[in-house]
Amino acid sequence: MITALAVLVILLMLCSLALHIFGLPANWILLAFVIGWKIFLPETMSWNFISILAVIALIGEILEFAAQYFGGKKYGATGRGSLGAFIGAIAGAILGAPFFFGLGALPGALLGSFGGCLVLELSHGRSFAEAQHSAWGAFWGKAFGLAIKVSLGVWMFTMSIPKIWPS
């Protein structure tokens, strides 16, 4: 019975990683499944292990935003353009979510990052070429940040499997 339940939890954790595509907090949901397993079978893992997973999830969030910020900065974005990229990414994910059965959230976040940076750079008085260059930096930074966050989620998943699988 425990083996069947472990398989179910591992599959749910794997499915939670797919939530990155929809712009949802996949790493935090994965962490919630691990905490649920810890509560169900306390002897399988320590709270220190769960704390490590929480730190990894938090680092993923920080690195996602930092990559977007520094990507834009590398391409010449101002602080205003970076703020526009952050706001645009969130708005783009929300506005894109209804399209393609929720899959539109990912391109919506990327395009929102680009568009938000572009609009605020233009409103800052920069030329279109300069604003577009900065917006591409924010776009690629967001894409790189998402890749980092997904990678850290996969790492959390692989670290959790031995703790959940019955020995």
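Trainee: How many residues line the largest pocket, and which lie nearest its centre?
Mentor: In this predicted model, 18 residues line the largest pocket. Those nearest its centre are Gly-23, Glu-64, Ala-93, Lys-142 and Lys-149.

Trainee: Which elements give two or more residues to that lining?
Mentor: They are the helices α3 (47–74), α4 (79–96), α5 (105–123) and α6 (128–164).

Trainee: Which of them gives the most?
Mentor: Helix α4 does, with 4 residues in the lining of the largest pocket.

Trainee: What is the volume of the largest pocket?
Mentor: The volume is about 280 Å³.

Trainee: How do the lining residues divide into nonpolar, polar and charged?
Mentor: The lining of the largest pocket holds 12 nonpolar residues, 2 polar ones and 4 charged ones.

Trainee: Turning to Lys-149, where is its place?
Mentor: Lys-149 belongs to helix α6. As noted, Lys-149 is also among the residues nearest the centre of the largest pocket.

Trainee: Is Lys-149 buried or exposed, and why?
Mentor: Lys-149 counts as buried because its relative accessible area is 9%, and buried means under 20%.

Trainee: Which residues is Lys-149 in contact with, leaving aside neighbours within four places in sequence?
Mentor: Lys-149 is in contact with His-20, Asn-27, Gly-60, Glu-61 and Glu-64. Glu-64 is, like Lys-149, one of the residues nearest the pocket centre.

Trainee: A change of topic: where is Leu-83, and what does its relative accessibility count as?
Mentor: Leu-83 is in helix α4. Its relative accessibility is 45%, so Leu-83 counts as partly exposed.

Trainee: How far apart are Leu-83 and Ala-97?
Mentor: They are 14 residues apart in sequence, and their C-alpha atoms are 21 Å apart in space.

Note on methods. Residues numbered from 1 in each chain as written. Predicted model: local features only at pLDDT ≥ 70, side-chain atom pairs only at ≥ 80, totals over all residues. Heavy atoms only, no water. 1 Å grid on protein atoms, 1.4 Å probe; cavity = no way out; pocket = protein on both sides within 12 Å on 5 of 7 lines; lining within 4 Å. Points joined across faces, edges and corners; volume = space filled by probe spheres on them. Nonpolar A, V, L, I, M, F, W, Y, C, P; charged D, E, K, R; others polar. Buried < 20%, exposed > 50% of the residue type's maximum accessible area, 1.4 Å probe, protein only. Contact = heavy atoms within 4.5 Å.
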